[in-house]
Amino acid sequence: MAVVLIAFERESEQGAIEQLLSSRGHQVQKSANGLAALDAARREPPDAIVSDIVLPRMDGFALCRKWKQDERLQGIPFIFYTRRHDDPKYERFALELGAERFLARSVAPEVLVTALDELVAKAAPKPAAVTP
């Protein structure tokens with residue numbers, strides 16, 4: 001299946017999402033902050049990223065902006081999966097930044113998996129990893 005980078009601050013959230021995605025055959029890479037997620041993706045581009053908005057060192061919006069400005073990463077699907085869905089301005093801003101999906105954590109887990117699978121299937125082939 002796909003290599004999915006997940007960017008969530010709390011280990012409990014990372015673990016729950018990792019379990020969900022790995023049970024569907026995806027390989028998961030974890031990052032606890034936006035800066036580390038961007039660095040990891042630049043070293044070894046994933047097939048998709050699932051990120052929260054609230055992250056230390058670089059929030060999810062800044063991560064998405066930098067992701068979509070990076071020539072090597074911009075074609076890789078960016079999915080927000082967040083509790084911050086109570087105001088439509090968050091979703092509107094995320095989509096303006098280039099995110100492919102903005103999902104509330106209150107949706108059924110299958111919604112995330114289905115969106116991820118659809119986006120990965122439609123995405124361009126990922127760029128090769130940079131060797132130091």
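Predicted model: local features only at pLDDT ≥ 70, side-chain atom pairs only at ≥ 80, totals over all residues.
**View 1. Helix α1 and its buried side.** Helix α1 runs over residues 11-22, so to speak a 12-residue stretch. From first C-alpha to last, α1 reaches 16 Å, close to the 16 Å expected at 1.5 Å a residue. Look for Glu 13, Gln 14, Ile 17, Leu 20 and Leu 21, the buried residues of α1. They sit on the same side of α1, because the arc they cover around the axis is only 135°. Residues three or four places apart in an α-helix point the same way, since there are 3.6 residues a turn.

**View 2. Thr 82 in strand β4.** Thr 82 belongs to strand β4. Its relative accessibility is 0%, so Thr 82 counts as buried, the cut-off being under 20%. The Thr 82 side chain makes a polar contact with the side chain of Asp 52, at 2.7 Å. Setting aside neighbours within four places in sequence, Thr 82 also touches Ile 53, Phe 102, Leu 103, Ala 104 and Arg 105.

**View 3. Helices α3 and α4 packed together.** Here α3 (residues 60-69) packs with α4 (residues 88-97), with the axes 9 Å apart and an angle of about 20°. That angle makes the two helices roughly parallel. On the α3 side, Phe 61, Cys 64, Arg 65 and Lys 68 make the contact. Tyr 90, Phe 93, Ala 94 and Leu 97 meet them from α4.

Notes. Residues numbered from 1 in each chain as written. Heavy atoms only, no water. Helix = DSSP H or I, 4+ residues; strand = E, 2+ residues; numbered from the N terminus. Expected span 1.5 Å × (residues − 1). Buried < 20%, exposed > 50% of the residue type's maximum accessible area, 1.4 Å probe, protein only. Arc of directions from axis to C-beta. Polar contact = N/O pair within 3.5 Å; in protein donor to acceptor, adjacent residues only side chain to side chain. Contact = heavy atoms within 4.5 Å. Axes fitted to C-alpha atoms, helices over the stretch in contact; angles between N-to-C directions. Parallel < 35°, antiparallel > 145°, perpendicular 65-115°, else oblique.
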